[in-house]
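This report covers helix geometry and packing in one model, and then the contact between its chains. Please keep the structure in view while reading.

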Amino acid sequence: MTSLWEAFAAAWALIAGFDATLAQIVGLSLQVSLSAVLIATCFGLPLGAAIAVERFAGRQALIVLLNALMGLPPVVVGLLVYLLLSRAGPLGSLGILFTPTAMVIAQTLLIVPIIAALSRQTLEDAWREYDEQLRSLGARRLNAAMTLIWDTRFSLLTILLAGFGRAAAEVGAVMIVGGNIDGVTRVMTTTIALETSKGDLPLALGLGIVLIGLVLLLNTAAALLRELAQRRYG
Amino acid sequence: MLPLELDRLSFSVGSTPIIEDISVRIEAGPRTIILGPNGAGKSVLMRLCHGLLQPTAGRIVWHGLRNGDPRRHQAMVFQRPVMLRRSALANVVYGLALAGKSRRASELRAMDVLEVVGLAQHAGRPARVLSGGEQQRLALARAWALGPDVLFLDEPTANLDPASTQDIENIIQAIHASGTKIIMTTHNLGQARRLGDEVLFINKGLLMEQAPIERFFREPASAEAGAFIKGELPWH
C-alpha cells in the first residue's frame, strides 16, 4: 500500500515538474496517434460514406467485414506491418521499420475499419431521413454524401475520438513495428509496459495518469461541443 | 412541361401491388387534389410522378417537356419537412445551388421567397430550431424558390395546428397564382374544397375517378368515394 502511494507521489512529481522524458514520450504518442487518426479519416470517412449511400453487390458482406475488423487485435496488425516492412518484406527497401512512420502506418490500419464502420452507420441513419428530400432537390450521390457528412459532423467527431482512443491506448502494434527504442519510438503504452516490468512504477503510473487524463479531456471537449451544437443547430 | 400523362402505371413491392394500372392525364392549370383512404397509394403515386420511385410497369410522360431533365422542373414538399442543419436561408440556397444557380443569385432569390412566406426575419436562424409550422413554410419556400412548373405536396399540413395550416394554405394559393401547377394529397376534406379544382380519387391502388371538385363532393361516381366522403364528414 505504501509503495502504491509512493508511486503516486513520484508520478505526480514527474507530471507537475514537466519531466523532460515524460514530455517527450507523451509528445511522440500524440504525434503518432493524431497522425494515424488524420490519415485513417481520409480513407475511412469516404469509405463509410460510399457504403452508406451506394447500393452494390457484396455491400452487406463488406459491412460485416468492416464491423469484424473493428475488433482486429493490435498485435496481429503489428505483425502484418512488421512482415511488410522488414528487410525481407515487400516494402523492406523503404527502411522505415522501427521508426515513428511505421507506427503511424500500423495504427492507421488499426483504426480505418473503426472510422469506416461507425461513420457508415451514422451516415446511413441520416441518409434514411434525408434520402427523398435530397433526391427531390436534385442532389446526386456525391452531393448527398457531402451534405450528410456536414450535417452529422458532430457525431462524426465522436467517432474520430473513438479512433484516437483506440490508437493511443493500444500497445501491441507499436511495440512490434516501433521496437520501443528509447528516445525514438517509445510511446506512452510501450513505456508503461516496459517500466512496469522493470519495476519503475512512478514513470509507468505517471504516464498512465496522463494517458487517462488525455482521453478524458478529449471526450469531455467532444461531449461539450456536441451538446452546444445540439442546442445551436437542433 | 404539362400535361402529365400516366400510362397504365403500376408499382408493386414484391408481389404486393400498391398502384395498379393507373392511366390518367393531368392538365396544366387546375389544382389537383389526390384523395383516398389511408394506404390507398396516394403518396406512392406522387413519388412515382416526382421520380422518387421507379414504376414496375407503365410510363410517366411529360408531354410539354421541351428540354432536359423533368426533375429540374418540379419540386416536392413532404409531410415532415427534412431541414438541413444550417440556417433557414442556407436551406433555400442549398436547393438553388444544386440547380446550378450562382451563390449571389441564389441568396437574392432565397431572401425573396423567405420574405413572401414570412420568414425573412428568421433567415439567419438554424432551420431545425424553427417551429413545425415555420419549418413547413420554409420547406415551401425552398421548393418555390426553384421556380418549378409543378409542385407536389404530400399532406403538407397533416401535423400542424389550424393557424399554421392557414398560413400554409395561403402560401399554396400564392404559388398557384404565380403559375405553378399544384398537385397535392390531403386528409382534410375542407382543405380539399378550399384548395382544389379537381379530384383524383384513389382506392386500394386503383384510380376510381377524376372529377371537378364540386361534382366529386355532390355526386361521387363510386360507392367507395361516397363512403369515403361520409366517413370523413360523419355529420353529413
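## A bent helix in chain A

In this predicted model, H2(A) bends by about 35° at Thr41(A). The helix covers residues 20-53 of chain A, and its end C-alpha atoms lie 49 Å apart. At 1.5 Å a residue, its 34 residues should span 50 Å, so the two values agree.

## Packing of H2(A) on H5(A)

H2(A) packs against helix H5 (residues 100-136) of chain A at an angle of about 35°, and the two axes are 5 Å apart. Their crossing is right-handed. By class, 23 nonpolar, nine polar and two charged residues make up the contact of H2(A) with H5(A).

## Packing of two helices in chain B

In chain B, helix H4 (residues 132-145) and helix H5 (residues 162-177) pack at an angle of about 10°, with axes 9 Å apart. Angles under 35 degrees count as roughly parallel, so H4(B) is roughly parallel to H5(B).

H4(B) contributes residues including Leu140(B) and Trp144(B), while those from H5(B) include Ile168(B), Ile171(B) and Ile175(B). The contact of H4(B) with H5(B) has five nonpolar, four polar and two charged residues.

## Where the chains meet

Between the chains, 17 residues of chain B are in contact with 15 residues of chain A. On the chain B side, strand E5 (74-77) and helix H2 (88-98) are the elements that give two or more residues. H2(B) gives the most, with three residues. By class, this side of chain B has 11 nonpolar, two polar and four charged residues.

Definitions and conventions
Residues are numbered from 1 along each chain as its sequence is written. Chains are lettered from A and ligands numbered from 1 in the order in which they are written. This is a predicted model: local features need pLDDT of at least 70, side-chain atom pairs count only at pLDDT 80 or more; totals for chains, interfaces and linings use all residues. Two residues are in contact if their C-beta atoms, placed from the backbone, lie within 7 Å. Helices (H or I, at least four residues) and strands (E, at least two) are DSSP runs, numbered from the N terminus. Ala, Val, Leu, Ile, Met, Phe, Trp, Tyr, Cys and Pro count as nonpolar, Asp, Glu, Lys and Arg as charged, and the others, Gly among them, as polar. The expected span of a helix is 1.5 Å times one less than its number of residues. The bend at a residue is the angle between axes fitted to the seven residues ending there and the seven starting there. Axes are lines fitted to C-alpha atoms, for helices over the stretch in contact, and angles run from 0 to 180 degrees between N-to-C directions. A crossing is left-handed if the near helix is turned anticlockwise from the far one by less than a right angle, and right-handed if clockwise. Angles under 35 degrees count as roughly parallel, over 145 as roughly antiparallel, 65 to 115 as roughly perpendicular and the rest as oblique.
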